[in-house]
Amino acid sequence: MRTGECVTEREAPQDRLTGYVECLRDACTTGRRMTRTELEARRAEGERAAEHGLTLRVMIREHLAVSQEVLTRVPIQQAGSLLAVTEQAVDAFVEGYERAQLQAVRQEEAARREFIDDLLYGRSDLGRLAERAERFGLRLSQAHAVAVASGPEPYGDGYPVARGIESAVLTRFAGRQILLTTKDGRLICVAPGDQPEVLAFFAKQAYAATDGGKVAIGRSHPGAGGVVHSYEEALNALDLAERMGLDGPVLHAADLLVYPVLTRDRQAMADLVENFLGPLRNGRGGAQTFIDTLTAYFDSGCVATEAARRLSLSVRALTYRLERIHSLTGADPADPVNRYTLQTAVIGARLLDWPDTEV
């Protein structure tokens, strides 16, 4: 506790109890209760005590000590009135104290949320952001990596899932500079870039707590802007997982760099998709059926029996589809020369949401 607070608590109880002794004595004489003005004065003193960081237990003891002193100087038949006013005074004081604490908590939560928004979106001056970061346990001079978890439902800071994960991570890595929060219904962990074990543990906890959700981990990047970069990588990885149907509960942005490379020239990829896969629209079932067939075929290492199993088809039916693809496109999926182009076109189709979306 700061020195000024100690002096306030130790040396000036009479200031905090101004009017209280007179109220007690008057109540004993007249049998009245506290007026609205007197109650509001007690609430105001409670707020002031909380704002100065004084201990509520000590404040209550002061009220009770004054009541005890007055009680020794009045007839016993007046004790009931004194006790009733004491109860009113203490209740009002505690109400004011708790009201001030709640306001402080709300202000702290608002400041934390504003900081997190600025941190993840890069909307604040980097120097000022670095100063604010230390208040919340981060040193932005270091490199950081971000993990983002999504589940079947949105999550907020006060949700049991978020609280449980935060408790597990902070207990496991006590003393580490870690920030756990939520944003847009997702769970987020920011940790130093040289501590991948933190994000790995977070991913394990989040996967279990979200009943099989997905977690994406961005690469480590230096500085305040690095947090934004890593966060965006993690979000993009989650988006890729959904569009590409990627398996696995944990995705690492470093393992998915080929996808943004393939779509860096969107028009070139769109031309490739349209030129090679466009003719599949003319086949029975439409283009999507053949894209699903090629996806299963390539994902299974071009092993027909495994691809047929994944599609719940007979090997003969799968072979017929592959032959039909060859006939429509002029490219043979089984031919090493054509295979790479077809596989790239299929990846592009899934990234561009083709054929549902025109490219």
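Predicted model: local features only at pLDDT ≥ 70, side-chain atom pairs only at ≥ 80, totals over all residues.
**View 1. Strand β3 and its two antiparallel partners, β1 and β2.**
Strand β3 covers residues 186-192, and because 6 of its 7 residues are buried, the strand is largely enclosed by the rest of the structure. With strand β1, which covers residues 143-150, β3 pairs in the antiparallel sense over 6 bridges, and in this pairing A147 stands opposite C189 in β3. Strand β2, made up of residues 179-183, also runs antiparallel to β3 and is joined to it by 5 bridges. Here K183 stands opposite R186 in β3. The hairpin of β2 and β3 has 2 residues between the strands, and in this hairpin D184 takes a positive phi near 55°.

**View 2. Helices α5 and α6, which cross at roughly 165°.**
Helix α5 consists of residues 56-71 and helix α6 of residues 79-121, and their axes come within 10 Å of each other while crossing at roughly 165°. Because angles over 145 degrees count as roughly antiparallel, α5 is described as roughly antiparallel to α6. The crossing in which α5 passes α6 is right-handed. On the α5 side, the residues that meet α6 are L56, M59, I60, H63, L64, S67, V70 and L71, and on the α6 side their counterparts are A79, L82, T86, A89, V90, F93, V94 and Y97. Sorted by class, this contact of α5 with α6 has 13 nonpolar residues and 3 polar ones, with no charged residues.

Although L238 and S150 are 88 residues apart along the chain, their C-alpha atoms are separated by 8.1 Å. When its neighbours within four places in sequence are left aside, L238 is in contact with V148, S150, R186, K214, V215 and A216.

**View 3. Helices α13 and α15, which cross at roughly 115°.**
The axes of helix α13, residues 286-299, and helix α15, residues 315-329, come within 10 Å and cross at roughly 115°, and the two helices are therefore roughly perpendicular to each other. The crossing of α13 and α15 is left-handed. From α13, the residues T289, F290, T293, L294 and Y297 meet L318, R321, L322, R324, I325 and L328 in α15. By class, the contact of α13 with α15 has 7 nonpolar residues, together with 2 polar and 2 charged ones.

How values were computed
Residues numbered from 1 in each chain as written. Heavy atoms only, no water. Buried < 20%, exposed > 50% of the residue type's maximum accessible area, 1.4 Å probe, protein only. Helix = DSSP H or I, 4+ residues; strand = E, 2+ residues; numbered from the N terminus. Pairing = 2+ DSSP bridges. Axes fitted to C-alpha atoms, helices over the stretch in contact; angles between N-to-C directions. Parallel < 35°, antiparallel > 145°, perpendicular 65-115°, else oblique. Left-handed = near helix turned anticlockwise from the far one by under 90°. Contact = heavy atoms within 4.5 Å. Nonpolar A, V, L, I, M, F, W, Y, C, P; charged D, E, K, R; others polar.
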